[in-house]
Amino acid sequence: MAAGPIDTHCPYCSLQCGMTITARPESAGGGYAVAGANFPTNRGGLCEKGLSAAELLVHPDRLTTPLVRDHRDEPFRGATWDEALDRVAAGLTVAQERFGPDAAGLFGGGGLTNEKAYQAGKFVRVALRSASIDYNGRFCMSSAASASTRAFGIDRGMPFPLADVARADTVLLVGSNPADTMPPAMRWFAAGRERGARHLVVDPRYTATAAAADVHLQPVPGTDLALANGLLHLAIKLRLVDTAYVADRTTGWDAVRRAARQYWPDRVERITGVPVRVMERTVRMLAESRATMILSARGAEQHATGSDTALAWINLALALGLPGRPSSGWATLTGQGNGQGGREHGQKADQLPGYRMLADPAARAHVAGIWGVDPDELPRPGVSAYEMLDRLGTSGGVRALLVMASNVAVSAPRAAHVRERLAALDFLAVSDLFLSETAELADVVLPVTQWAEEEGTMTNLEGRVLRRRRAVAAPTGVRSDLQVLHDLAGRLGRGAFFSDDPRTVFDELRRASSGGKADYAGISYERIEAERGVFWPCPDDDHAGTPRLFTDRFATPDGRARFHVVHHRASAETPDAEYPYRLTTGRSRAHYQSGTQTRRTKTLLEAEPEPVVEIHPDLAARVGVADGGDLRLRTRRGTARMRVRLSREIRSDTVFAPFHWGGEQTVNDLTNPALDPASRMPEFKVCAVALEPTTTE
Ligand code: SF4
């Protein structure tokens, strides 16, 4: 395959840049070349991750044979697919026979195609008849999803196309650093700047995105909610509220207006560290512009108060009359490749396809009808991702687990504990491209296809459903996750309910989602091809798709958006004598997620061979470490060790470390699994840390 150029999409982030893959002649070294395609989001641009993605297609470490072992202290040996799948089916079945149906479960990923995510949810409910499924998107998008649903009645990360960013006159980014995480998206920001648009960034770090902005607000990590409420207080005081919009399009304003009284500017400055004059300038810029956007991301959302924090920014956007106005509104920038679609079709513990709720009798009846099962057969909602991981191998917890497209041994909070729980399982199977840190703990490892070797659909950060096309033949011995689920269902006596053909699965997904909030009924492979992506909701073949939501009404029963009273709460952990500083975590430019792919990509490893902890020179002097020195970071949950980079770009009470690395550089060994009560999002973004210089061996 791929003798000629074939268009597909990047394997990594939610921008889902279009790319063209071409086979290189042997005389030119063989392998494949990748180039940016003229897709609406990236217009030919790719970042270094996308540009180097072809290395994954010919990687020498690629798994091509199922691996099994009888005991975890033995090395793996190669096995046939029949033996490996028989073992997985037996592991799941034995756990259910001994401990009940919920003892077998699946942990999915936000990188799975829509078809796989849909099939994973169906597999657990129909083949296993278990409640035990959730996925790593719970760690990314759940707070924003919860807030958006409560305020607007629907969860689509961006309710408008990315290109609208270029038409906004003022853009406020909260806890988002697209200049590093999705550089091709910056073209839209830059186009706005060329028109004279003003940009503001809220971030404890002076990131590359902040450096390109007009205003940088640098709050104490975990205080964004207080900042948003403080800005709302000022908007009221300065008479900047759009009272006509509030009256016409919202409910709940009076209670929020009263609650905002307590966020007087001096108090908010004390909580957040943001000066009153900067807050005043910010709110005037937001209110006095023709078109204003507030764009949120994980920096604001990955907190035990994450969903309330997102609601606080939504309150501000509603008070200023932004959502639904041209080139205006609130949005959240999704991170994972299928972060949007992956959360729409049943991978979440409490949801069915089309954003239907598993606890809703009408939703159960609709989806059960499509699946050909009795609604009473469908299990009740299960527990969220961290709660599932925390109880692995315990009485009442999952005893046999299949992990797909996720490396929780590195990416989960309190990861050392999660590795202990994985080791306590009666049975663990992992499907992946490489022997990830999670796969290393497994009883069975299933080698599966990757992005350019398969057909399917992804839904990008805008809610645009797009085609992932097969450009390259998969290596011999590798199967797709869809085929794995189909083959396992057959061994569990439910094979007739499952297809391994992506198009067939997508057509079923369309019917299952029909009438739901994320309605794909009118979206076909052919339409995606012809229209270069289709925005959901798209309820029938004649519907044009919905690039912009909320122009006339919100997706609530009365069409009005909801204000919510939300109050600042301190982070679950604050600095004390033993752990005197704050740790915040995030992504770096060259790597992605748990690094399973990017740490194996030569180009990216050369660009960024190891993680560094960013520390302000003043703090470095206090703890006694120099640039390039070695630092041990210690929290109540574990330690990690990495090299120091002095940086004036971060607050002097906070250090930053990227989470892409394993071994003794696993930053998530440190992070706090305190959960948001509404979204069950862990508090990745802030915890208390002790810093201890060490010597390099
Ligand atoms: Fe891939 Fe995201 Fe980079 Fe685009 S911005 S090339 S989708 S990693």
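## Pro-361 and helix 15

In this predicted model, Pro-361 is found in helix 15, which covers residues 361-371. Because 9 other C-beta atoms lie within 10 Å of Pro-361, and a count of 12 or fewer marks a residue as exposed, Pro-361 is classed as exposed. From Pro-361 to Asp-376 there are 15 residues in sequence, and the distance between their C-alpha atoms is 9.4 Å.

## Asp-266 and helix 11

Asp-266 has its place in helix 11, made up of residues 265-272. With 9 C-beta neighbours inside 10 Å, Asp-266 likewise counts as exposed. Asp-266 and Asn-338 are separated by 72 residues in sequence, and their C-alpha atoms lie 42 Å apart in space.

## Helix 8

Helix 8 runs over residues 224-237, and at 1.5 Å a residue its 14 residues should span 20 Å, which agrees with the 20 Å between its end C-alpha atoms. Since 12 of these 14 residues are buried, helix 8 is largely enclosed by the rest of the structure. Among the buried residues are Asp-224, Asn-229 and His-233, together with Leu-225, Ala-228 and Ala-235. After helix 8 comes Arg-239, which has a positive phi, near 55 degrees.

In soluble globular proteins, nonpolar side chains tend to be buried together. Here the largest nonpolar core holds 189 residues, and Ala-235, Ile-294, Trp-313 and Leu-316 are those with the most contacts inside it. Helix 14, residues 306-319, contributes the largest share of this core, namely nine residues. Apart from it there is a second, separate core of 24 residues, which includes Tyr-581, Ile-615, Phe-659 and Cys-687.

Leaving aside residues up to four places away in sequence, Trp-313 touches Val-174, Ala-228, Ile-294, Ser-296, Ala-300 and Trp-330.

## Around the ligand

The shell around the ligand consists of 14 residues, of which Cys-10, Cys-13, Cys-17, Cys-47 and Gly-50 come nearest. Sorted by class, this shell has 10 nonpolar, three polar and one charged residues. Domain 1 (6-58) and domain 3 (142-332) both give residues to the shell, and the ligand therefore lies between these two domains.

How values were computed. Residues numbered from 1 in each chain as written. Predicted model: local features only at pLDDT ≥ 70, side-chain atom pairs only at ≥ 80, totals over all residues. Helix = DSSP H or I, 4+ residues; strand = E, 2+ residues; numbered from the N terminus. Expected span 1.5 Å × (residues − 1). Buried ≥ 20, exposed ≤ 12 C-beta atoms within 10 Å, placed from the backbone. Core = buried A, V, L, I, M, F, W, Y, C linked by C-beta atoms within 7 Å. Contact = placed C-beta atoms within 7 Å. Near = placed C-beta within 6 Å. Nonpolar A, V, L, I, M, F, W, Y, C, P; charged D, E, K, R; others polar. Domains from an automatic or database assignment.
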